[in-house]
Amino acid sequence: KARVGKLLLVDLAGSESNKGSITAVEQTQEGLRQKQSIGINRALTILGTTVSQLKKGDPHVNYRDSALTMLLKDCLGGNARALLIAQVIPEAAHEEEMLRTLNFAHAMTTVQNRVKVNTVEASNSKLITMQERQAKLAEQARALKMGKMAESVAEQARVQQELQEITARMLTK
């Protein structure tokens, strides 16, 4: 059996403010930034709602309201260990945002995850299969380079290409 898992690193970046004056030259860029900040604020609001539902013990929590909550589903009451680092600026000018951040962090501490070890049969694991194929191709490539195999240049290129492709797929899985 092989253990499997995933690592998620998410920077929530805080809420985005739409305050401030803009010039006519900056208007187009500001419009794009404003659309982005609206999306960020929406995702953070939905995340806050999801955490509140989990805190209350609601039997149905809708993780599908945002891509962020779908991504973090295992970290929000699911089968994952989670670590939250809340960064705040302890200055009067940032008091409101600091309190929101600390309240969110406190709410997250009440969410209970059900962590268990995830295993798959090693013989069925795509990763194990790709690793074995990668090792065979690497050995073939070494043999071709050392001239131990009387293969054509085209065969050497094919093996090298396949080795690169399988390595790239393993890195994206």
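Before counting, I noted that helices (H or I, at least four residues) and strands (E, at least two) are DSSP runs, numbered from the N terminus. I counted five helices and two strands, in the order β-α-α-α-β-α-α along the sequence.

A note on origin: this is a predicted model, where local features need pLDDT of at least 70 and side-chain atom pairs count only at pLDDT 80 or more, while totals for chains, interfaces and linings use all residues. Residues are numbered from 1 along each chain as its sequence is written, and side-chain values use heavy atoms, with hydrogens and water left out.

Next I checked burial, meaning under 20% relative accessible area with a 1.4 Å probe, protein chains only. Of the 173 residues, 20% count as buried.

Then I turned to α1, which covers residues 27–56. Its buried residues are Glu30, Ser37, Ala43, Ile46, Leu47, Thr50 and Val51. Their cover includes α2 (67–71) and α3 (95–109).

I looked for nonpolar cores, sets of buried Ala, Val, Leu, Ile, Met, Phe, Trp, Tyr and Cys residues joined through side-chain atoms within 4.5 Å. The largest has 13 residues, and Leu47, Val51, Leu68, Leu72 and Leu76 have the most contacts inside it. Its largest share, three residues, comes from α1.

What does leucine 47 touch, leaving aside its neighbours within four places in sequence? With contact meaning heavy atoms within 4.5 Å, I found Leu12, Leu68, Thr69, Leu72, Leu76 and Phe104.

Conventions. Expected span 1.5 Å × (residues − 1). Buried < 20%, exposed > 50% of the residue type's maximum accessible area, 1.4 Å probe, protein only.
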